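Subject: Structure for your files

Dear colleague,

Here is the structure I said I would pass on. My notes on it follow below.

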Amino acid sequence: MSERPAAGREPRRLRALVADDHYLVREGTRQLLESSGEVAVVGALGSAAELVDAARRLGPDVVVTDIRMPGEGWRPGFEGIDAAHRIRAAAPRVGVVVLSQFADSIYAFELFRGGTEGLAYLLKDRVGDLDELLGAIRSVAAGGSVIDPKVVEGLLARRAVRGEQEAFTPRERDVLREMARGRSNGGIARALSLSISAVEKNVNSIFLKLGLEASPDIHRRVAAVLAYLGGS
């Protein structure tokens with residue numbers, strides 16, 4: 001029989017590293033996360049090299065990093081992504097949230113090129129939405145994946161213009177965006193005020209139009225949709 005937590009004991013906070021080359025942004029993000037009571041920021045860094053070193057030394061649960069940071073020996077504009085890949089290569093269980101000002105899908109797919117588990121790509125304006133940011137942090141810490149709905153919307157629109165997919169209904173597009181957030185059917189139902197059966201119907205329709213086999217695995221189906229949308 002497993003032991004219950006002692007009465008009054010606070011749940012364990014996720015240990016996180018924050019990286020951004022702008023001090024005010026870095027400290028603002030740190031304070032925001034600390035204020036939630038769910039995250040303990042164990043380090044705040046200003047470069048990709050410092051981030052990788054701190055991840056090696058401190059063993060965080062999650063890393064929240066800007067996509068661009070200064071430093072020699074890194075691909076310009078992809079420093080945060082490259083740091084994410086190095087961190088995950090050494091410690092696959094560390095979740096990484098990359099914050100970016102770019103909605104262009106090339107950056108998202110560069111992050112996910114080796115797999116989607118434990119990775120999130122969010123636009124930087126999500127930092128102001130604590131619930132959204134915490135949701136992504138929880139997801140990657142548990143091995144899930146998240147991609148910003150605005151990126152998904154842009155990919156859908158681009159493929160629709162090229163005539164590469166059947167047009168989604170407005171409701172299907174809403175459901176697909178929530179799927180990209182890593183939400184279960186129950187979570188989608190709550191977010192969109194729909195019944196579970198209505199969500200399931202829309203999910204099945206989305207997979208049918210994409211030519212994909214439906215899967216009960218949340219993260220796998222998100223990865224499959226993203227892979228399809230990024231094809232060709």
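The salt bridges come first. With a cut-off of 4 Å between a side-chain nitrogen of Lys or Arg and a carboxyl oxygen of Asp or Glu, the count comes to 16 salt bridges. Please keep in mind throughout that this is a predicted model.

One of these joins the side chains of R13 and E34, at 3.2 Å from N to O. R13 belongs to the segment before β1 and E34 to helix α1 (residues 23–35), so the pair, 21 residues apart, links distant parts of the chain. R13 is partly exposed, with a relative accessible area of 32%, and E34 is likewise partly exposed, at 25%.

In general, an α-helix has 3.6 residues a turn, so residues three or four places apart point the same way. R30 has a relative accessible area of 25% and is partly exposed. E27, at 14%, is buried, because the limit for buried is under 20% relative accessible area.

A further salt bridge connects the side chains of E110 and R75, with 2.8 Å from N to O. E110 sits in helix α4 (residues 105–111) and R75 in the loop between β3 and α3; the two are 35 residues apart, and the pair links distant parts of the chain. E110 counts as buried at 18% relative accessibility, while R75 counts as partly exposed at 34%. The bridge is part of a network: R75, D82, E110 and R113 are joined by salt bridges that share partners.

Now the fold. The chain has 10 helices and 6 strands. An open sheet of 6 strands runs in the order β2-β1-β3-β4-β5-β6, and the pairing is parallel. At the edges are β2 (39–45) and β6 (145–147), each of which pairs on one side only. From one strand to the next the twist averages 20°.

Within the sheet, β1 (residues 14–19) and β3 (residues 62–66) run parallel and are joined by 4 bridges. A16 has V62 of β3 opposite it.

Helix α2 (residues 48–58) packs on the sheet, where it touches β1, β2 and β3, and its direction makes about 160° with that of β1. Which residues of α2 are buried? They are A48, L51, A54 and A55. These residues cover an arc of only 125° around the axis, which puts them on the same side of α2. Their cover includes β1, β2, β3 and α3. Just after α2 comes G59, with a positive phi of about 55°.

Helix α3 (residues 79–90) lies across β3, β4 (95–100) and β5 (119–123), and runs at about 180° to β4.

Another glycine to look at is G143, in the loop between α5 (130–141) and β6. G143 counts as buried, at 17% relative accessibility.

For the chain as a whole, 47% of the 232 residues count as buried. Among contacts with a separation of 6 or more, 65% are between residues 24 or more positions apart.

Finally, confidence. The mean pLDDT of the chain is 85, and 86% of its residues reach 70 or more. Confidence is highest in β1, at 98, and lowest in helix α10 (residues 218–229), at a mean of 68. Over residues 1–5 pLDDT stays under 50, and for this stretch the model has 0 contacts beyond four places in sequence. Where pLDDT is low, the predicted coordinates should not be read in detail.

Regards

Key
Residues numbered from 1 in each chain as written. Predicted model: local features only at pLDDT ≥ 70, side-chain atom pairs only at ≥ 80, totals over all residues. Heavy atoms only, no water. Pairing = 2+ DSSP bridges. Axes fitted to C-alpha atoms, helices over the stretch in contact; angles between N-to-C directions. Contact = heavy atoms within 4.5 Å. Buried < 20%, exposed > 50% of the residue type's maximum accessible area, 1.4 Å probe, protein only. Arc of directions from axis to C-beta. pLDDT = per-residue confidence, 0-100.
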